[in-house]
Amino acid sequence: MTTPSTPSAAWRPGMPGSDNLPSGPGGRPAAPSTDGHGPQTGPPTVTIGSFPDYPSAQSVVDYLADNRFPVERTSIIGTDLTLVETIMGRMTTGRAALVGAGTGAWFGLFIGLLFGIFTAGNWVAVIVIGLVVGAIWGAVFGAVVHAMTGGRRDFTSSSSLRASHYAVTVEADLADQARQLLGRMHFPSGATAR
């Protein structure tokens with residue numbers, strides 16, 4: 001006999017039967033940890049330096065690697081992430097057709113080369129025809145897709161993530177060794193070693 005399910009009878013950690021829940025795609029379900037931050041993802045780590053840009057943090061890890069430090073136990077962590085979208089220019093129907101023609105030409109070249117391999121006759125003509133047909137279809141497709149947007153996004157852009165600070169962390173048992181190595185390194189301005 002089954003008990004009807006009611007909103008007040010929701011499953012909670014520690015309820016009877018919670019130990020025989022089936023595993024899901026992420027593995028066996030587990031109750032949340034008591035600190036509210038979720039399960040530990042690995043061994044504890046220690047921050048050994050904070051840097052204003054990624055190349056500075058990368059140079060520290062590279063220095064550690066050059067000195068035979070086990071860098072597979074090191075991480076670079078960017079904090080205060082910002083999405084930056086750099087506008088590359090205005091997008092018109094003609095420019096969309098030109099970009100589509102370029103993409104279509106590459107695809108047509110690939111198809112032409114594929115068919116050219118198995119052609120007994122003039123394989124160069126097959127490649128050229130594939131390139132031209134691909135460019136034409138790409139231009140038509142690019143122009144149509146741009147026209148269908150109705151002018152909602154008449155520009156091209158490039159997106160990137162940037163962090164305000166980069167921290168280099170190592171596993172806690174290697175922190176002293178890493179600090180000794182970094183004591184011999186000259187840091188760029190704005191960087192701090194701990």
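Search the whole structure and you find one aromatic pair (rings of Phe, Tyr and Trp, the last by its six-membered ring, pair if their centres lie within 6.5 Å; planes under 30 degrees apart count as stacked, over 60 as edge-to-face and the rest as tilted). The rings of Y54 and Y166 have centres 5.7 Å apart and planes at 70°, so this pair is edge-to-face. It links distant parts of the chain, with Y54 in helix α1 and Y166 in strand β3, 112 residues apart. Helices (H or I, at least four residues) and strands (E, at least two) are DSSP runs, numbered from the N terminus.

A word on the basis: this is a predicted model, where local features need pLDDT of at least 70 and side-chain atom pairs count only at pLDDT 80 or more, while totals for chains, interfaces and linings use all residues. Residues are numbered from 1 along each chain as its sequence is written, and side-chain values use heavy atoms, leaving out hydrogens and water.

| Residue | Relative accessible area | Class |
|---|---|---|
| Y54 | 40% | partly exposed |
| Y166 | 14% | buried |
| T169 | 4% | buried |
| V140 | 42% | partly exposed |

T169 also sits in strand β3. Leaving aside neighbours within four places in sequence, T169 is in contact (heavy atoms within 4.5 Å) with T45, V46, T47, R73, T74, S75 and I77.

In α4 (residues 175-182), A175, A178, L181 and L182 are buried. They cover an arc of only 125° around the axis, which puts them on the same side of α4; the arc is that of the directions from the helix axis to the C-beta atoms. These buried residues pack against β1 (45-51), α1 (54-66) and β3 (155-171). The face turned away from the buried side carries the exposed D176 and Q180.

As for V140, that residue lies in helix α3 (residues 123-148). V140 is also one of the residues in a nonpolar surface patch, among them W123, I136, W137 and M148, with about 1,200 Å² of accessible area together.

Zooming out, the protein chain has four helices and four strands, running β-α-β-α-α-β-α-β from the N terminus. Of its 194 residues, 23% count as buried.

Conventions. Buried < 20%, exposed > 50% of the residue type's maximum accessible area, 1.4 Å probe, protein only. Patch = residues over 30% accessible without salt bridge, like charges linked within 9 Å, V, L, I, M, F, W, Y side chains within 5 Å. Areas by Shrake-Rupley, 256 points an atom, 1.4 Å probe, with all protein chains shown as cover. Salt bridge = Lys/Arg side-chain N within 4 Å of Asp/Glu carboxyl O.
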